Every structure is written in structure tokens, then in C-alpha cells.
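Here is a short report on one protein model.

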Amino acid sequence: MKALAARRHDRRAPVVLLLLALLITGALYAVLAPTSADAAPTAATADQVQTGEKLFQANCATCHGPDATGREGVPSLVGVGAAAVDFQVGTGRMPMQMNGPQAPAKPAQFDEDQIAALAAYVASLGAGPAVPTAEQVDGSLGDPASGMALFRTNCAMCHNAIGAGGALSEGKWAPNLWETTPTHVYEAMLTGPQSMPVFNDATLTPDEKRDIIAFLDLQGEGAPGGITLGSLGPVSEGLWAWVVGMGLLIGAAVWIGARSS
């Protein structure tokens, strides 16, 4: 008994207990933590992957490397998943026309089948986020009120409170989201393209992402408040009030002065 008691008070015991606790915590997190990484979609056929590889070698390998592991200043595509490819290529951001602070959206250079083939090939290189399903991006199934709160908490600082977009630092910008398809909005949240942070399923659940899409769907339907003034919020509204309000006050002062004289 004395020997056991002596070991229990050993100076190394706290270190051992701490390491044991860290190991247990890491094991539990690996088992229980949610993840947005999915395996390559089973619907992709070998022919589709082969077609995607040919398209990649002809159009993407110059920058990303023949094995898609990237080059200096160009990211690796291993593990980015099909969703990243569908977003970047589907919005025309890739292939880029020229280097710049940010790749702008432009008409897509590939059709839907080619984009799906490219996505299937990149997905085959390593597990990553898959293209969302039609149900996941159906705004009619979401809650716009919840989406508004989530959007203004997580997205409004860059995209404006109603998704109108705005300028960022170093020549970058947050795009207008009203004309972005629900699938591309979901994929952007899932993959975090360019300056955008990643909102994986541990940060925003699939239902919360759909709520944000429901909120954005309503913003594109019109301006219930009347003139949008560029949808820039208090900046344009304050300028309008200052110019019109001060103009009226100056005009009134001139009129009163003229009448009194």
C-alpha cells in the first residue's frame, strides 16, 4: 500500500495524466466531430474521371501541375473536392485569364458535362466536399428569418447586409450574391474561395446554409423599401439626406432672406 501511495504522488504523474487526457480528447474528437469532407461521389464513372483528366491536362495542368499538386503561388487541388471545382469552373473564375488580386466571375468556358467530369477527376485525387444536392440548396425549404440573422452575423461585413457586395482591401472585392445560383452560394460557403473563410458543417450546418440561401432568394426579388440607393446602407442614405436636407435648408434660408429684404 505504501508503494502504491508513493507512486500516486510521483512528480511525473500530472504530466502522464495530461498526455492521457489529450489522447482521449483527440480520439473522441476524431470519432465524433462533424466534417464536410466527403469521399469522391460514387456516381462518377471511370469514363467521366478519364474525361476529366484529359480536360485537366489540356486546360489546368499548366498552372496546377500535371498531378494537380500545384506550383509556386498556385494551390494544390488534391483534397479540395468536387464542390470547389464546380464553383470555380462553373462561375468562370477558372481558368483565369490573367493574374490579379482576385479571379473575377465570367461566363463559364465549359459546359455542365465537362465541369462535372473535371469535378469527378479532382474528387478522385482525394476526399473533399461534394457538390450539394438539390434539396440542400432549395431555398423554399429554408427559414429566411434565421438566414437573415446568420447572414448578418457571418457574411454582412464583406457582402453587405443584404448581399449587395462591396470592396475589400488590396484590390479585392466581395461579389454581389443576388445573381449567384444557390448551388454556387452553398459551395462558396463550403469551400471558402479566395478571400472568403470556410464555413464547414461544424460552423454552419447544412440547414443553416439553406436558411441563408432562402434569405438571399428574397433579396433578389426587389426592394420593398423603395429606392435602393445602391444598397450601400447608411453611407448612401446619409449622403442623400445630407445633400437633400442641407439643400432644402439653404434654399429656405435664401428664400426667407429674399422675402425679408
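Is Q194 buried, partly exposed or exposed? Q194 is partly exposed, because its relative accessible area is 36%; buried means under 20% relative accessible area, exposed over 50%, and partly exposed in between, with a 1.4 Å probe and protein chains only. Q194 sits in the loop between α9 and α10. Its phi is near 55 degrees, a positive value in a residue other than glycine.

**Basis of the values**

This is a predicted model: local features need pLDDT of at least 70 and side-chain atom pairs count only at pLDDT 80 or more, while totals for chains, interfaces and linings use all residues. Residues are numbered from 1 along each chain as its sequence is written, and side-chain values use heavy atoms, with hydrogens and water left out.

**Overall fold**

The protein chain has 11 helices and 2 strands. Helices (H or I, at least four residues) and strands (E, at least two) are DSSP runs, numbered from the N terminus. Along the sequence, the elements follow the pattern α-α-α-α-α-α-α-α-β-β-α-α-α. The protein chain counts 261 residues, and buried residues make up 30% of them. Contact means heavy atoms within 4.5 Å. Among contacts in the protein chain between residues at least 6 apart in sequence, 61% join residues at least 24 apart.

**Helix packing**

Two packed helices are described by the angle between their axes and the distance between the axes. Axes are lines fitted to C-alpha atoms, for helices over the stretch in contact, and angles run from 0 to 180 degrees between N-to-C directions.

| Helix pair | Angle | Axis distance |
|---|---|---|
| α5 (residues 81–90) and α9 (residues 182–191) | about 125 degrees | 9 Å |
| α7 (residues 144–154) and α10 (residues 206–219) | roughly 100 degrees | within 7 Å |
| α9 and α10 | about 135 degrees | 10 Å |

Angles under 35 degrees count as roughly parallel, over 145 as roughly antiparallel, 65 to 115 as roughly perpendicular and the rest as oblique.

Take α5 and α9, which pack at about 125 degrees. That angle makes α5 oblique to α9. Their crossing is left-handed. A crossing is left-handed if the near helix is turned anticlockwise from the far one by less than a right angle, and right-handed if clockwise. From α5, the residues A83, A84, D86, F87 and G90 take part; they meet T183, H184, E187, A188, L190 and T191 in α9. The residues of this contact divide into 5 nonpolar, 4 polar and 2 charged. Ala, Val, Leu, Ile, Met, Phe, Trp, Tyr, Cys and Pro count as nonpolar, Asp, Glu, Lys and Arg as charged, and the others, Gly among them, as polar.

Next come α7 and α10, whose axes cross at roughly 100 degrees. α7 is therefore roughly perpendicular to α10. On the α7 side are P144, S146, G147, M148, L150, F151 and R152; on the α10 side are E208, D211, I212, A214, F215, L216 and L218. By class, this contact has 9 nonpolar, 2 polar and 3 charged residues.

The last pair is α9 and α10, with an angle of about 135 degrees. These helices are therefore oblique to each other. α9 passes α10 in a right-handed crossing. P182, V185, Y186, M189 and L190 of α9 make the contact with P206, K209, I212, I213, L216 and D217 of α10.

**Single residues**

H64 lies in helix α4 (residues 61–64). H64 counts as buried because its relative accessibility is 12%. Its side chain reaches the backbone oxygen of P75 at 3.0 Å. Not counting residues up to four places away in sequence, H64 touches F56, T69, G70, V74, P75 and L77.

G79 lies in the loop between α4 and α5. G79 is partly exposed, with a relative accessible area of 31%. With residues up to four places away in sequence not counted, G79 touches G126, A127, G128 and P129. The C-alpha atoms of G79 and S124 are separated by 8.7 Å, and these residues are 45 apart along the chain.

Two backbone features remain. The peptide bond from M94 to P95 is cis, with omega near -5 degrees. P95 is in the loop between α5 and α6 (112–125). E170 has phi near 60 degrees, a positive value in a residue other than glycine. E170 lies in the loop between β1 (166–167) and β2 (173–174), and E170 is exposed at 68% relative accessible area.

Key. A polar contact is a pair of N or O atoms within 3.5 Å; within protein, one must be able to donate a hydrogen and the other to accept it, and residues adjacent in sequence count only if both atoms are side-chain atoms.
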